[in-house]
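I opened this model to look up its salt bridges. I also wanted to see how exposed the partners are.

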Number of protein chains: 2
Amino acid sequence: MGVPDPSRLSAALAAVSSERIAARVRELAAIGGSSDGGVSRLGLTKEEQAAREMVASWLIPLGFKREQDAACNLFCSAGPSPRVLIGSHLDSVPDGGRYDGSLGVVTAVEVAEAAHAARLALPLEIVAWSAEEGARYRAGHFGSAATFGQLPPDVGDRELRDGNLVKDAIRDLIGRAPDLAGCRRPITDFIGYLELHIEQGPRLASQGLPVGVVTGIVGMTRATLLFTGRADHSGTTPMDARSDALAAAAECVLAVERVGRESGGQLVGTVGELRVFPGSANVVPGGCRLTIEVRSLSDATQAEAYGRILELTMALCDQRGIRCAVEVVDRIPATAMSQLIVAAIEESCARLGVPAMRLSSGAGHDAQNVVTAGVQGGMVFVRSTEGSHNPKEHADAEDAAAGTRIVLSVADAIARLGARR
Amino acid sequence: MGVPDPSRLSAALAAVSSERIAARVRELAAIGGSSDGGVSRLGLTKEEQAAREMVASWLIPLGFKREQDAACNLFCSAGPSPRVLIGSHLDSVPDGGRYDGSLGVVTAVEVAEAAHAARLALPLEIVAWSAEEGARYRAGHFGSAATFGQLPPDVGDRELRDGNLVKDAIRDLIGRAPDLAGCRRPITDFIGYLELHIEQGPRLASQGLPVGVVTGIVGMTRATLLFTGRADHSGTTPMDARSDALAAAAECVLAVERVGRESGGQLVGTVGELRVFPGSANVVPGGCRLTIEVRSLSDATQAEAYGRILELTMALCDQRGIRCAVEVVDRIPATAMSQLIVAAIEESCARLGVPAMRLSSGAGHDAQNVVTAGVQGGMVFVRSTEGSHNPKEHADAEDAAAGTRIVLSVADAIARLGARR
């Protein structure tokens, strides 16, 4: 290290293999795989553990040392500390796809393969974060939160969705009571962090671009609204004597959509859950509960939009004589990626001739925890189709290979920066 | 009979007892009663049968002959055929109240009590229709449909909501396989039909009137609409790339309300049921199913409003790129009460000094089947509070007694008309 060796980097870039990436995505997809090509591999389960074993089995022959912490994160390292941390997660949502998360781990392994093949000295730590999706454990980004001290202190005693305690589920996997607080690692272990992930949205595909440079991850406010009117007989209650909770909720749904549309792409607003009470064809709804979610790269924009939605909703409820109770269930600030890494990714795209665009991530990622903790981090998105979180999600192996070369190139650049410190 | 005997009618009217009505409402409410004052006495159950036994036990001492047909209707008759048919139903919805249906049977018994006390010759048949509410058997007005040949031919082999067959449920109650087709009775058995029922709406109470003269029962169209868009990640899908099935459904909910409001009281429109798919906070809804219901006293108004709602809905779905599939699940024409009976009820109200107003019924009643079959029929509504179909529904015993005197007076008038034929 110290002195750059451009010929070794070129050889490593040439060694990146789209065939190997495709083959390993297929191999991983067999763990928890279903006949429709999808994957159900929930976090903190035996299937996720089996996927970690497979990933470790790829890296150990390359000289990597394997460690698994009490939060079930897999770290495989080679070269002197501090290292470049590269990876993503191996768990999926129920009935999810084979690319979300897994592609970032497979391509991180490919970075190691290519560096190894070209004898490029690169201090690497490949990570597979556990339980990113919040499917079995209720909150997402479990593993990266453990590494950077962001889990609640009582997390071991909290219940999974299936009623088991977190500490019991992990004991079943690792054979001992987990010391989750002891998983924390100093940020000085890492020169930087890189995560490749499918886009999960349509922008790259619609622009015809294989990769995207992530500038930041949106923040989110999620709230539950309970509308209370009065249940009445649908036949005997005149229109002007009703307090219809569903009609008020319907106005709220459209207000959320309108505020999102009027933002000019600065935010998205969604009502994804809605229930009616009592929910009978011949009863005017007396109650309605829904969840609103607002996401934006700007916390100020997000807060303003959320406030405007509540204001519109309270006004319409006043007019209708409906009570509305609001409970904020989640609030996550927006996270900007490191300017330095964003610039390095863009420079690599240009040098390697990979057409790319800047974009923000509307979905949450482990990179939020890493960057919030103070590690310089960035993300590369790979074009995908059919969205994500379903068996049809798809990324092309050639696009993934292009993304891998960018990650390899940036890892090499920041490793040299780190070595010069 | 033949020659009117005003002194006997006056004596009978004076014999109507609000105390006895109140006591009998209480007695009946003990069958299937709950601690909150409500009643769960579903049609075609042992509880409904016990209520029939109680009613028969009140009438037999007055010289009435008791019959129960294979549809579980109770008929108690006195005097020569044709007779005036008076009654209502004894079943309730789950967690219903003590007045809906029962008050009409108790006051019919009170007509018999009063006539008996005053030795007023009045050919009477008191009926307790079975299974009016459509709670255990899926459709309403079961008993009256059996009497007037309006049940589907295969009704015995149809399933109740609990999975049992209709014929098996009835066999358990009457001890033999029911001949439902054999329940049919000729309309020439009846001079006329009178039913007293709580209003189930707020109009009489808001006008300060104890009784109402029912001019007709609204018709209804009920349809299920299935909106199909595309489920997407709520964070990664820009507002302009969404096909949000719930947003389209929300516009439909408001269109139903608007069409109802703009009718100037000519119809009511309701969305009482709505479900979202997949129904997760972070997924743009890919599907939404709701039920719309339109009721009006005018079939033309109702058809026009239903058509307008569908037209608005299809237009907004076109704009949004959402598919909408419509299935009509119920269509019942409006039923006008007999002009003659309506006039006789109004005349009685005036003569007895009971302030009343004409109104239509937004809820369905057995009277629809009776009148549709060709029997001259009418209904008297009694002021009620707290709506209906809940434990709090309430009617005052004095109002019920006033309604009973009107029914008695009209029964006397039409019996004399019939006798003059």
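This is a predicted model: local features need pLDDT of at least 70, side-chain atom pairs count only at pLDDT 80 or more; totals for chains, interfaces and linings use all residues.

I started with chain B. Arg383(B) and Asp399(B) join their side chains in a salt bridge, 2.9 Å from N to O. I took a salt bridge to be a side-chain nitrogen of Lys or Arg within 4 Å of a carboxyl oxygen of Asp or Glu. Arg383(B) sits in the loop between strand S15 (377-382) and helix H12 (397-420) of chain B, and Asp399(B) sits in helix H12 of chain B, so the bridge ties together parts 16 residues apart in sequence. Helices (H or I, at least four residues) and strands (E, at least two) are DSSP runs, numbered from the N terminus.

Residues are numbered from 1 along each chain as its sequence is written, chains are lettered from A and ligands numbered from 1 in the order in which they are written, and side-chain values use heavy atoms, with hydrogens and water left out.

Next, exposure of that pair. Arg383(B) is partly exposed at 23% relative accessibility, while Asp399(B) is buried at 9%. Buried means under 20% relative accessible area, exposed over 50%, and partly exposed in between (1.4 Å probe, protein chains only).

I stayed in helix H12 of chain B for another pair. Arg416(B) and Asp412(B) form a salt bridge at 3.0 Å, N to O. Both lie in that helix, 4 residues apart, about one turn. An α-helix has 3.6 residues a turn, so residues three or four places apart point the same way. Arg416(B) is partly exposed at 22%; Asp412(B) is buried at 6%.

Then chain A. Asp162(A) bridges to Arg136(A), with the closest N and O atoms 2.6 Å apart. Asp162(A) is in the loop between helix H5 (142-147) and helix H6 (166-174), Arg136(A) in the loop between strand S4 (124-129) and H5, and the two are 26 residues apart. I read Asp162(A) as partly exposed at 44% and Arg136(A) as buried at 16%.

I also found a network of salt bridges linking Arg20(A), Arg24(A), Glu110(A) and Glu113(A). Helix H4 of chain A covers residues 102-117. Its 16 residues reach 22 Å from first C-alpha to last, close to the 22 Å expected (1.5 Å times one less than the number of residues). Of those 16 residues, 14 are buried, so H4(A) is largely enclosed by the rest of the structure. Arg119(A) follows H4(A) with a positive phi, near 50 degrees.

Last, the tally: I get 50 salt bridges over all chains.
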